Amino acid sequence: MDTRHFRTLFISDVHLGSKAARTDFLLDFLRYHEAETIFLVGDIVDGWRLKRNWYWPQGCNDVVQKLLRKARKGTRIVYIPGNHDEFLRSFPGTHFGGIEVAEREIYEMADGKKYLILHGDEFDVVVRNARLLAYLGDWAYDAAIVINIGLAAIRRRLGMPYWSFSAWAKLQVKHAVNFIGEFQRVVADEARRNNVDGVICGHIHHAVMEDIDGIHYVNTGDWVESCTAIAENFDGTLEMISWQNITATAEIKSLPAPKSLEDMQAA
């Protein structure tokens, strides 16, 4: 398969240090995609889980080394920390092996449109105001991920494609749907306050690109459930890439148009 070249790639919520991290898919994605700039939009390393139980298999090292090699070869890599890797927020402006740390950034696309780039956890009321509840939610999410891993193994043996139980379960809960909608609106409002055309964020593991009252809202998704990234073409247009097959069977496919919030709430 030929390597694709982009002006910019946006990746978030890899959760290295979590057993749920799909490092195999991400490594394969990074082999076939090059960019002049890569934004790591938070929660790349899962400090919360590493504090509870150290887990760092070779796949995590491989992802880090792959990114460092890209930086050495001239790719600009900007790491915008999230809540799970908030320890890096103490080092804005610092470079680690060619990877620069920033709290947020206003980035101009090739077509002149400006986007606010941030992780987004500061707009999550649970994370911001009730840390204990956030940790409890994290444990519940871990349980869903354990089920996910088992189902994925069974589906792989049966020759079936990857499917995320945890993502499916999350969208069955009306509260989750309502939260996603409110999160999107609040983040779009922040972009509006910054006088930009759009916003690119992560945090809620819900990959989507849509217009919210004149603001182009883009969520990169994650590398736990959806295995998605956002790519900027050299003309400034954005596309979402879903990477759920590896190596010999790898293929790029566009995600179907997302349901509207009203449709999800009615489901």
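Q: Where is the place of His203?
A: His203 sits in the loop between E8 and strand E9 (208-212). Strands (E, at least two residues) and helices (H or I, at least four) are DSSP runs, numbered from the N terminus. This is a predicted model, in which local features need pLDDT of at least 70 and side-chain atom pairs count only at pLDDT 80 or more, while totals for chains, interfaces and linings use all residues. Residues are numbered from 1 along each chain as its sequence is written, and side-chain values use heavy atoms, with hydrogens and water left out.

Q: Why does His203 count as buried?
A: Buried means under 20% relative accessible area, exposed over 50%, and partly exposed in between (1.4 Å probe, protein chains only). His203 has 10% relative accessibility, so His203 counts as buried.

Q: Why does Asn195 count as exposed?
A: The relative accessibility of Asn195 is 69%, and therefore Asn195 counts as exposed. Asn195 is in the loop between helix H7 (174-193) and strand E8 (198-201). Its phi is positive, about 55°, although Asn195 is not a glycine.

Q: What makes the contact of Asp28 with Arg31 a salt bridge?
A: A salt bridge is a side-chain nitrogen of Lys or Arg within 4 Å of a carboxyl oxygen of Asp or Glu. The closest N and O atoms of Asp28 and Arg31 are 3.4 Å apart, and the pair forms a salt bridge. By this rule the count comes to 14 salt bridges.

Q: Why are Asp28 and Arg31 separated by about one helical turn?
A: They are separated by about one helical turn because they are 3 residues apart in helix H1. Asp28, at 1% relative accessibility, counts as buried, whereas Arg31, at 44%, counts as partly exposed.

Q: Which side chain meets that of Arg104 in a salt bridge?
A: The side chain of Glu122 does, at 3.4 Å from N to O. This pair links distant parts of the chain, 18 residues apart: Arg104 lies in the loop between E5 and strand E6 (105-108), and Glu122 in the loop between strand E7 (114-117) and helix H4 (125-129). Arg104 has a relative accessible area of 31% and is therefore partly exposed. Glu122, with 28%, is also partly exposed.

Q: Why does Glu182 count as partly exposed?
A: Glu182 has 41% relative accessibility, so Glu182 counts as partly exposed. The side chain of Glu182 meets that of Arg185 in a salt bridge (3.5 Å, N to O).
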